[in-house]
Amino acid sequence: MPATVSFTLKQARRLALAAQGFNGRQPPAAIKPVQLNRLIERLGIVQIDSVNALVRSHYLPLFSRLGNYSPDLLDQAAWSKGRRRTLFEYWGHEASLLPLSMYPLMRWRMQRATRGEDIYQQLARFGREQQETIRRVLASVEELGALGAGSLSTRQERAGPWWDWSAEKHALEWLFATGEVTVAGRRGFERLYDLPERVIPSAILQQPLLSEAEAQRGLLLHAATALGVGTEKDLRDYFRLNPADSRPRLAELVEAGELQTCEVQDWRQPAYCLPEPKVPRKVEASALLSPFDSLIWERSRTERLFDFRYRLEIYTPQDKRVYGYYVLPFLHNERIAARVDLRAERALSRLAVHAVHEEEPGLDEAGMLALAANLQQMADWLGLERIQLNCQRESAAKLRVALARLGGN
């Protein structure tokens with residue numbers, strides 16, 4: 001077994017940033033499906049979220065890494081038909097888009113869901129008690145093709161919050177969790193469900209079924225590749241594995257030489273990385289990050305890696321928010337240097353900046369210019385004509401000067 005490798009915190013950050021694809025943006029004309037697919041293969045997963053204060057969150061991680069790409073490229077990869085479709089939806093890290101190549105690695109989770117394991121208890125109970133409804137809904141999908149829950153509902157009153165679903169919606173979600181249906185497309189943000197054989201290529205569906213251990217090792221190895229370096233908790237969280245599954249699988253990967261243990265400065269827990277890791281000398285990247293970006297979604301890792309405590313305050317009452325409603329961390333020069341509360345005001349064609357908070361020791365002139373450039377690029381990407389600064393903080397005054405220098409406000 002190789003000797004344990006040690007990393008400084010700066011080295012760990014560079015490993016993580018490089019693994020996550022922060023290698024510099026490309027001109028919009030250069031961003032084609034192959035670049036987008038290559039990036040998602042590297043990440044292994046893109047979390048889906050419905051909040052549309054700025055843009056739906058699954059579009060943002062690609063913008064953070066690629067720059068001004070066309071969102072249609074992601075729509076085609078996720079929900080089109082034929083060869084352009086390269087992704088599928090499933091419960092990866094919450095609701096997620098994953099490369100089709102990873103479908104075999106998720107089938108064990110589908111089998112567990114069939115047994116009522118590793119899914120929400122209310123949905124598991126529905127699966128046990130409402131098989132007649134489930135079979136009726138599945139028969140409708142088989143007969144009619146891609147369907148949304150609304151077109152099947154027999155419910156008279158209007159559905160309410162998340163778990164106040166119709167019986168048909170419950171049935172479709174249970175079938176989705178078990179892999180008996182998959183997402184063929186979306187109408188607005190509503191899922192359209194169909195049989196896997198009509199959506200997933202036959203070459204993938206016909207692959208031999210992996211054992212749970214094989215699939216879990218594959219997911220952990222992919223997590224280690226995508227994170228660069230991480231603790232056992234970091235790696236298992238990437239695809240939402242249980243500790244009882246991840247711990248023995250990690251030991252097996254280390255024993256096989258596919259992963260190696262390592263130490264990171266000031267981390268209390270041992271970490272893991274690929275053998276013979278190559279630490280970049282520098283990672284020059286500036287990017288606004290989605291709250292659901294895979295670089296930062298494991299909050300304790302974000303604190304250990306960047307000394308940055310981040311909590312989403314969407315569901316916090318307005319008078320108790322510290323930073324704002326939809327706050328994007330700003331990555332610059334290998335640290336998270338600021339937080340920006342943003343909103344796309346589409347009716348007024350403007351990107352509204354409601355708050356700017358610098359992290360110690362703050363942003364120098366070059367850093368503030370980089371933030372201004374990122375905001376201008378985001379406004380251009382979203383098709384918004386101008387940037388509106390609604391923040392009265394000193395940081396916003398510096399940002400206003402930087403935007404003026406760019407000619408962006």
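**Overall architecture**

The protein chain holds 16 helices and 14 strands, where helices (H or I, at least four residues) and strands (E, at least two) are DSSP runs numbered from the N terminus. This is a predicted model, in which local features need pLDDT of at least 70 and side-chain atom pairs count only at pLDDT 80 or more, while totals for chains, interfaces and linings use all residues. Residues are numbered from 1 along each chain as its sequence is written, and side-chain values use heavy atoms, with hydrogens and water left out.

Along the principal axes, the C-alpha atoms of the protein chain fill a box of roughly 65 × 60 × 45 Å. The radius of gyration of the protein chain is 22 Å, which agrees with the value near 22 Å for a compact globule of 409 residues; this radius is taken over C-alpha atoms, and the globule rule is 2.2 Å times the number of residues to the power 0.38.

The protein chain is divided into domain 1 (5-102 + 208-273) and domain 2 (311-407), with bounds that come from an automatic or database domain assignment. Their centres, taken over C-alpha atoms, are separated by 26 Å. To the contact (heavy atoms within 4.5 Å), domain 1 contributes 17 residues and domain 2 contributes 18 residues.

About 1600 Å² is buried between domain 1 and domain 2, and carbon and sulfur atoms give 64% of this area; buried area is the accessible area (1.4 Å probe) that two parts lose on being put together, summed over both. In domain 1, the residues that lose the most area to domain 2 are Ala53, Leu54 and Phe63, which together make up 40% of what that side buries.

**A salt bridge across the interface**

Across the interface of domain 1 and domain 2 the rule finds one salt bridge, that is, a side-chain nitrogen of Lys or Arg within 4 Å of a carboxyl oxygen of Asp or Glu. The side chains of Glu334 and Arg14 meet in a salt bridge, with 2.9 Å from N to O.

On the side of domain 1 that touches domain 2, the elements giving two or more residues are α1 (9-19) and α3 (60-66), and α1 gives the most, with three residues.

Most residues other than glycine have a negative phi, and most peptide bonds are trans. The peptide bond from Glu360 to Pro361, however, is cis, with omega near 5°, and Pro361 lies in the loop between β13 (350-358) and α15 (365-382). Arg240, although not a glycine, has a positive phi of about 55°; Arg240 is placed in the loop between α12 (232-238) and α13 (243-255).
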